[in-house]
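Welcome, and please open the model in your viewer. We will start with the whole chain and then zoom in on one spot.

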Amino acid sequence: MAIENENDRVKKLLSSAIEFFKNGDFESAIEELKTADILDNQNPEIMYNLGVVYARQGLHKTAVQYFEKLLALPFTFVDSQKVKKLIAYSLILSNRFEEALSYLHDVLRLSPQDDVAFSLQGYCYEKMDRIDDAISSYKKVITYNKSDVNAFNSLAYLLAVKGVDLDRALLLAKKALQKNPESAAYNDTVGFVY
């Protein structure tokens, strides 16, 4: 009976944490999740949610620790590809681009048409001044996701930086701007291409 009560308590803590998270109260969400983690420190749902909340707070090192702990579990229902992309995202925001690329390469090895992974990869390459690789990644994004206006904008900008295929760059930049005419970034890219 005690185990059942403990499981019920963990479920209630998870539910409460998710509500706190939805309301933007990240500190309370972490408090609930940490209490749940004490009760069940092998629970993938707790680890996943702790990683997400810490990432949302900008505590990416801690987020990565929880996500990696989750991936190390022998069996879990959590989508490991999604977790690897979350790790890559946190690593990118920590300027740890090589490590992020390692996770993204792993994702793309198993999911070679994952537009989100290509987008993150393109961003890494851009930040590492590997412009040709970034262009290649963003081209793949728009191949697999024809509505990703951020990829249109990024590709347009990088083509203009290189001074190549400016007609296509302008077309892509205008396509992004058409979807969101108020975007300062998209307006800037159109101006930059001109």
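## The whole chain

Show the surface first: the protein chain has an accessible surface of about 10900 Å², and carbon and sulfur atoms contribute 50% of that surface. Accessible areas here come from the Shrake-Rupley method with a 1.4 Å probe. A word on the source: this is a predicted model, where local features need pLDDT of at least 70 and side-chain atom pairs count only at pLDDT 80 or more, while totals for chains, interfaces and linings use all residues. Residues are numbered from 1 along each chain as its sequence is written, and side-chain values use heavy atoms, leaving out hydrogens and water.

Now switch to a cartoon view. You will find eleven helices and zero strands in the protein chain; helices are DSSP runs of H or I with at least four residues, and strands are E runs of at least two. The C-alpha trace spans about 70 × 35 × 25 Å along its principal axes. Of the 194 residues, 44% count as buried (under 20% relative accessible area).

## Zooming in

Next, select Ser147, in the loop between helix H8 (131–144) and helix H9 (149–162). Is Ser147 buried or exposed? Ser147 is exposed, because its relative accessible area is 52% and exposed means over 50%.

Finally, pick Lys179, which is 32 residues from Ser147 in sequence and 9.3 Å from Ser147 in space, C-alpha to C-alpha.

Terms used:
Buried < 20%, exposed > 50% of the residue type's maximum accessible area, 1.4 Å probe, protein only.
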